[in-house]
Every structure is written in structure tokens, then in C-alpha cells.
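Here is a short tour of a protein model, written to be read with the coordinates open beside you. Please have your viewer ready, and we will go stop by stop.

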Amino acid sequence: MSAAATNSRMTLPPLPKSVAPLPPIQKRTTSHGTAHDLWKHFQERPLDAIFRPKSVALIGASEKEGSVGRTILWNLLSSPFGGTIYPVNNNPRNPHKSIFGIKSYQRMQEIPEQDPIDLAIIAVPARVVKSVMQDCVEVGVKGAIIISAGFKETGEEGAKLEKEILDIARRGHIRVVGPNCLGVMNPIGGLNATFATHIAKPGNVAFISQSGAMCTSILDWSLQANVGFSSFVSIGSMADINWGDIIYYLGDDPKTKAIAIYMETIGDARSFMSAASEVAFTKPIIVIKPGRTEQAAAAAASHTGSLAGSDDVLDAAFKRCGVLRVNKIREVFEIVELLGKQPLPRGNSLAVVTNAGGPGVISTDALIGSGGQLACLGDDTMAKLNDLLPSHWSHSNPIDILGDATPDTYARSVELAAMDPACHGVLVILTPQSMTDPSKTARGIAEVAKKVGGAKPILASWMGGQGVTEGREILDEAGVVTYDYPDSAAEMFTYMWKYSLNISHLYETPRWCAEMRPDQAVDVIIANAQSEGRTILTELESKQILSAYSIPTVQTVLAMTAEEAVSAAESMVLPTERVVLKLNSTSITHKSDVGGVKLNLSGPEQVRNAFLEMEESVCKRFGKDAFLGVTVQPMVNMKNAYELIVGASPDSQFGPVMLFGSGGILCEVFKDKSLALPPLNSNLAHIMMEDTKIYRALEGIRGNDSIDMTALEKLLVNFSHLIMEKWQFIREIDINPLLASSEGLLALDARVILHDSTHMDVDGEMSHIVRPAIRPYPTEFEQHWETKKGKVVLIRAIMPEDEPLIVDFHKRISEESVYTRFFNNIQYKERVNHNRLIRVCHVDYDRDIALVVLDGDKLKDDNKKIIAAGRLTKRHGVPVAEFSMLVADAYQGQGLGEKLLRELVERGRAEGLDAIEAIVLPTNKTMLHVSKKVGFQCVYDMDEGVVKTIMNLREKHNSSGPADLQHRRFTSLQF
């Protein structure tokens, strides 16, 4: 049993009697190589109304010199986009019935009804925009660009007006760019819906900017530098269309090969992360984000009317979703060009070949400073270089081949360096000297680049002016990117490596699976604290929460009196070992700062005195309510242990953010830390560890054994699950110190601060809490179910760790099932290709709902196997999804298909979808029967020879009946 999408044409059996005929529809066109499935259909999308309109109404059109309305109208006229233009000027004092010879209208309603408007460009004062948007809704406009300023960037009143306008647009299903923007260009289609002075040249890079001034500056530069764009977008303050919407749209655009972004604020972090992580896998996304300093961040916030999040958090987010961040405007386009011409390096080790020592040193500094390193050339390579070069060459990397190097010497040296296994890329530097032939040398390097065959990137810096111009042109024609200065080239190599690293980490298959099921004790602890009006948990409560998530904690006993403390100490370790007393308080979190920690207590008297001293000190300074006894713990003495910190706190835009690094009382001094967005898997946890300086010590140095790295990975993963499952309650949490040694891991201290539960909205939700930027694993999907044959199976969401199980699953699928699922006899090797399966198993739960059925009722079972899979893939920009299913042959006929489909329908309803669709072969009678049984309408497409199924999930949207099927686009990620 299976359902699928296809773009292949084939001869199919006659129409089954059970489905109704549908008049022929227009053939769908296909788009290959997009950021989605290979088999996806490319058809009209919601944002096409903005980027590819067939008709445009300009509200605020004018002939007045210097006006925005005049400039936009002139741009629309002077750069034909193949559509109709309707000038609208609602100023009653406007005496003109035409503008530039084109009939004008005072209101949108005056435009003939037979002429539907795709795009409305609104360039009127802010106070008028609300009524204009209402007019747009009445006449059925599909998209709008609000050029006008004067909204949330001006303050509270402006923000209120912006919200009112957006509410009107949403009621009319109008997608909006802006407000406060320059507009939108589609240079390939000829659309210039901006008030810029020129339209950009056509190209294959899309540029998006929040700053209109940055757009005009980049545009002016690009015209001089002969740089073209597939789209050129000023996104403004993102009241509606945000980064995620635009990235999804451009990801689907076959004419866009890379996306460049100038970003001031992130906006909807989850939307951005979801879109970027999908699109970055096939199209580079390059971001320049100002605000690395606090002053710059404040300037960005005041400019856009939004709050800027921590810059370190932003770096962690970009890294997580495969986005490359650069620091300079020129670097955006340099790296786009480089990624388009050269292969990605597999590491950060660069070989530098130069005919002068100085440029080699400069490039080395830039390389090391940006995160790269010099390649350590092997003995074989060094021997061959010794045979080739004069005795006075550098005998190291950078490879200084001296000023009299011939073109042949250059070429051979570069080839030897490129062939060394330790080298991941080569930078060739040429300085014009009397013995140098820049052009002939360039031809030799071009030949070497062909020999390398795209295995490693080769970059060049032909330093100089007119004398090296021809050489640069030769290299450029050969796809070898050249730079004026070697430090720039070295930095570009490091950017390439960082991008390669981000992409490889994005879809790595985790080494093991973490399945946490904490008991209800955690909820009880939190509920008790809330009922008492507390936001600070005691150390004991905090450790109990950690223990529930399998994080090892030191033995801790609560003592309310001095005698109880002595008794606890004696039963614990005294008199042979020592103990620690720590303040137990619901109002003081940093115990060391107030004398709330007493160490190395060796006898009953010391314990008793320490208790009394702490009680007196705390009560005197903070009152009796601050002292709630002490916790008694054994004095831990782990040999050669390192103090680490693991914590989490909320970011204003990305929600919960995890921290890992060097711990102890000096953690804020050393600031050796790594940040990451939860949830983590084993690979992401290891990457987080590697990004700290203490990682090298944890591996084992100076005779010390390595700690158990796998155990630390699991601790971080478990901690991330804790954060994701309790983010609505826990505001801050940290373990400091976490002792780590070859003997094990142990949390010595823990602190948990809750959100203030008194700030709840009418629904009992704390609306001021920022949700996680990455949607957590949906544990609510998990359930046990009994098949018709009485077998208990487990249904749950798919996980990255399931890739080996999916490979095994495909071994048990017959050719017939494969054909009905994929509309093609896709071979097993192709179906289980890693690059394909990572897209199947690494699910963004905010974008796709993917369920698997496992043979067995145990959540964790080494012998478990996947026996069925189903998925809902959401369309971009509209509340519609397509379902796909596949059941292993041996398990067909047991009700699994119907159960899966019903679950997908219910999940679709919960997600707020309007409709679910699929394409089924007419011969797949079982799938058609199940679809109709669940409630889908089945309609035969005579043109394509397939059956289209649809279910309306919202009765008030009944227009999505069979007649609407011809306008639908069907997509599917393939199991």
C-alpha cells in the first residue's frame, strides 16, 4: 500500500469505476534541483503574485517630480514585466484621469472586475494604508508591497496601526512585503516594483535586505561590478512575509543558485531556522548580520523596531541551520562566487604556494586568525618538492618557491601540494617580479585545476595592477577565483570550510539514540513551587530534576537543624571522609557569594559549627525566611577531575539556549563556552564540546586519561531533552560544577529558576515566554496500537537515528510496492542512499509530520524494525499538505495503512491545515479504498493518468472540492 507524487508520464490502466472523471487540466511543469524532493512539481505559489505578477495596481501613483509614486510607476513602465499596470491615486484633489498616458483610478474598486489584481504596491502615507488594504481585500488582491514608513519603527501607535493592517490582510489572504521597504525586483522577469533608480542585472544570486539603503548601495555597486541577481528584495520590517517565507520561495526557484542576506533582526526565529535548514542543503545562504558589538546591536534594534538577540546565540543558530555568516559586504558576493566555481574543502588545512615570503606570512596570519590552519605536508610531498625546487626554498608550508620560479615550477608545485592527503585546498600567490610571467603561470595553474578535477578548491592571488590583468582573466575563465590580496583569499578558504562543516553537521546520522522518559516527579516539583509562589527551586529539588533525566548527581540530604546535619553526615561518610554543607534557600541562588558553602568538614563538631555559623550569617543578612536548612553532601575527590558548566537560559528571539564550557567559580572570568540550540543529538553534543578550549583537556593530556566522551555526550543530550520538555516552566538552569574525569561524571551543584507563573494569559499560557527556535521531538505522537492480527506495534515520530532502520525497511519492500509508491522502479541502492535518507530522517517537526510504525511495543529495543511509514509534507505559504505512505509487504492487510492515514489526518487538523492531498496510481486499489474509507475524495486526472485525493479539514473552506484540484501542487518527501 502506498501513495506518492510523481512528475513522470506513463501509460496507465483504464480508469477504475470507483472514481469520478475530471475534465482535462493543464499539464504541470516540473522543477529539478530545487531544495525539496527531486520529484516535486513546480507550479504557481502564493508569493508568485509578488515576484511574477500578471497585473499590478500602484496605489499612490503620481506624475509629481521626486515622488515615490512617480518613481515606482516609471520603473514599472521602463522595465516591462509582461503584465498590466493600473495606476491608483486616491487623492480627491488629483485632477488627472491618466498618469503617463495610462488610465488612472481613484479607488481599487473602479478597476474592471474582469481584470483581477495580483499585486498591489502601496505608496501612500501610513495613516491611509489601512483603508487601502481594506480595498485590496474587497477586490481580491493576492499580494501587496507596502512601501510606506511610519509603523512599528515609530513606536507604540505605529505598531498598533501595523497590526491592524496585517489583520485586514490576513482576513483577505493577502501576503504582504514590508512595510517600510524599497520594494521587490525580479530582474529575470523584468519586474521593478521599487523606487530605486535602476533595475538590477539578471543573475543567479538572490539578495534580500531589511535595509532599503543597503539595497540601493548594493544595487549601485552591482551595476558597476557587473553582478546580477535572480531576485532583489527589500523585506522591510517583516509584518507578514519574513525570512522563512522568502527563503522557502527562493529555495524553490530554479533560477536562484545562492541566497545572500543583509539581516538586522531575525524576526520569527523558528520560521527562519526551518526554512534555512531545508534550503541550505542545496543552495548556499550567506548572511551579513551587523550587531556584533552592543552599540551596533542597539542601533539595529532602534532602526527596525525589534530587539536584537545575543550575537553569540545568532552564530550558534546560523551554524545549526547551515547558514554561513560573513563580516563584510564584499565577502557576501566573493564567497557566493567561490562556492559557485570551486568544490567545498573537506577540512581547514590550506597549502600556500608563493614566490615571495611576505605575502605567504600575511596569508598565514589571515588563515589562522579566521579559523583555518596550514597543511602539514607529508614526507613524500616534501621529498618531491626538494627534488623540484632550488635548495633555498622555504622547506615548509607556505611553500616559497622563490622569485625566479618559472611557470612550470609554479604548476608542478601546486599540483604536488594539491595531491597531498593532508591538504584540503591550495592558495597560489604571485607577485610580479622581473623573472615572472603572470599570464603563462596562470595558464599552468588552470591546467592543474583541470587535473585536480574539482576534488579540492584552488584559489589565487595575482598581486599587482595592469601587469597581472591578463593572468587574472585566464584564471577566471578556468574557474579559479582570484583576489587582489592573499589575506582575503585565505579568509575566503576558511569561509568555504565553515560552510562545508555546517552543511555536513546539518544532516549527520547520530551514533546512538536517546530516548528519555522521566517520571512525573519533575512535574510535581515544579507544581509545588508554583503553588507556593516560588520561582527558585532549592538545590535538592534541582538535583532531583536532573536525576529524573539520568544526569548523575552527588548524594544530597536535607537537614533543617544542626543535629540533623550531624546525623546525615555520620550516616553518609563520617568519620572516615569529609562532607560539605550548602545553604538550602528559595531566595538565594549563588550560595558561595553569601558564605553558603562550607567545605572539608571532618567531624561532628565541625558540621555542627558550620551549620550554626551559616544560619546566623544568612538570617542576619537576609532574614529567617532565606534560611531553610542545609544540604549535606560527601566531599567528592575525583582524581584529576575538570570542572565544567552545563546550563540553559532564554534568548529574546531564539528561546532556550544551551551553554557548555569550563566551569567552577571562575567560569565567568575564563568565558570558555559553547552555545547551541536544543534539542541535541549525539553528533550535535559532540560538536558543542569540540567548540571549547577545555575539550582538548577532556580528551586526555599530560598523562591524564580521557574522560568518557560518550557519557558526556549523553548527559548533554539528556539535558537538552529536559530543556525542550520543560521550556514553558524553566527559565534558567545550570549545573556548576559538573565534575568530569576518567572515573565518571558528577553534578555537584545545580540551580533552577522557573518562569513567573503569575504572568499567564487567559488560556493559562505564559505568552511572554519565547518558544524554542527548533520544534522539539513530538512525544505526544507516541502510542501503542494493536493490528488486526493482534500484534502490538509502536507508532511514533521519525528520528535522525532511524536511518539504519529505514535502510532495513527498504529491504523488505517488493518491486510492486516500490512502483506504486514512487511511480517508478527505483532501485534499492538509490532508495537507501545516505544523501537521500538524511532528508527523510532529519525532520523539522515544524515543517513535516513523519510517523513510523515499529514492530514491538518497547520504545527502546535493539531488535526493533520499522514496518510502515507515513508523512505529511506541508506546502509553503498555504495551509495544505500532501500525505505519503508505505507499508512493508509482510504487514499489509493488517489495518496499518488506515491507522497511519487517520493519524496523519488528525495531526493535520491539530496543525491547523485546511486540506490534505495525495496522488495515487489508479491500479493502487488498496490505497484508494483506504483513502475513501478515511474520508478523502478521489478524482481521476485524465491528463496525467493519476487519481488525486483530497480531504477538506475545515468545512467552511469547502471550495477546495474536486474542481479546485487542478490548481493544487503536489509535493512529497519520499520514504
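Let's start with proline 398, which sits in the loop between helix 12 and strand 21. The peptide bond that joins asparagine 397 to this proline is cis, with omega at about 10 degrees. Please keep in mind that this is a predicted model.

- As background, most peptide bonds are trans, and most residues other than glycine have a negative phi.
- A cis bond is also found between proline 678 and proline 679, where omega is about 5 degrees.
- Proline 679 belongs to the loop that runs between strand 30 (673–676) and helix 22 (682–690).
- Asparagine 180 is not a glycine, yet its phi is positive, at about 60 degrees. You will find asparagine 180 in the loop between strand 11 and strand 12 (183–186).
- With a relative accessibility of 44%, asparagine 640 counts as partly exposed.

**A parallel sheet and its helix**

- An open sheet is built from 5 strands in the order 6-5-9-10-11, with parallel pairing.
- Which strands stand at the edges? They are strand 6 (84–88) and strand 11 (175–177); each has a single partner strand, so one side of each has no neighbour in the sheet.
- On average, and ignoring direction, neighbouring strands in this sheet are turned by 20 degrees against each other.
- Strand 10 (residues 143–146) pairs with strand 11 in the parallel sense over 3 bridges. For a look at residue level, alanine 144 has valine 176 of strand 11 as its bridge partner.
- Helix 3 (residues 126–139) packs on the sheet and touches strand 5 (55–59), strand 9 (119–122), strand 10 and strand 11. The direction of helix 3 makes about 170 degrees with that of strand 9.

**Helix 13, an enclosed helix**

- Helix 13 (residues 407–419) has 13 residues and reaches 18 Å from its first C-alpha to its last, close to the 18 Å expected at 1.5 Å a residue.
- Helix 13 is largely enclosed by the rest of the structure, because 10 of its 13 residues are buried.
- Those buried residues include Tyr410, Val414 and Leu416, and also Thr409, Ser413 and Glu415.
- What do the buried residues of helix 13 pack against? Their neighbours are helix 12 (379–388) and helix 14 (438–452), together with strand 19 (349–354), strand 21 (399–400), strand 22 (425–430) and strand 23 (458–462).

**Nonpolar cores**

- In soluble globular proteins, nonpolar side chains tend to be buried together.
- The largest nonpolar core holds 104 residues, of which Phe207, Phe272, Ile285, Ile335 and Phe654 touch the most other members.
- Helix 16 (residues 486–506) gives the most to this core, with 9 residues.
- Leaving aside residues up to four places away in sequence, phenylalanine 654 touches, among others, Ile266, Ala269, Met273, Val313, Leu314, Leu677 and Val770.
- Another core, of 58 residues, lies apart from the largest one; among its members are Val793, Ile806, Leu896 and Val934.

Technical notes: Residues are numbered from 1 along each chain as its sequence is written. This is a predicted model: local features need pLDDT of at least 70, side-chain atom pairs count only at pLDDT 80 or more; totals for chains, interfaces and linings use all residues. Side-chain values use heavy atoms; hydrogens and water are left out. Two strands pair if DSSP finds at least two bridges between them. Helices (H or I, at least four residues) and strands (E, at least two) are DSSP runs, numbered from the N terminus. Axes are lines fitted to C-alpha atoms, for helices over the stretch in contact, and angles run from 0 to 180 degrees between N-to-C directions. Contact means heavy atoms within 4.5 Å. The expected span of a helix is 1.5 Å times one less than its number of residues. Buried means under 20% relative accessible area, exposed over 50%, partly exposed in between (1.4 Å probe, protein chains only). A nonpolar core is a set of buried Ala, Val, Leu, Ile, Met, Phe, Trp, Tyr and Cys residues joined through side-chain atoms within 4.5 Å.
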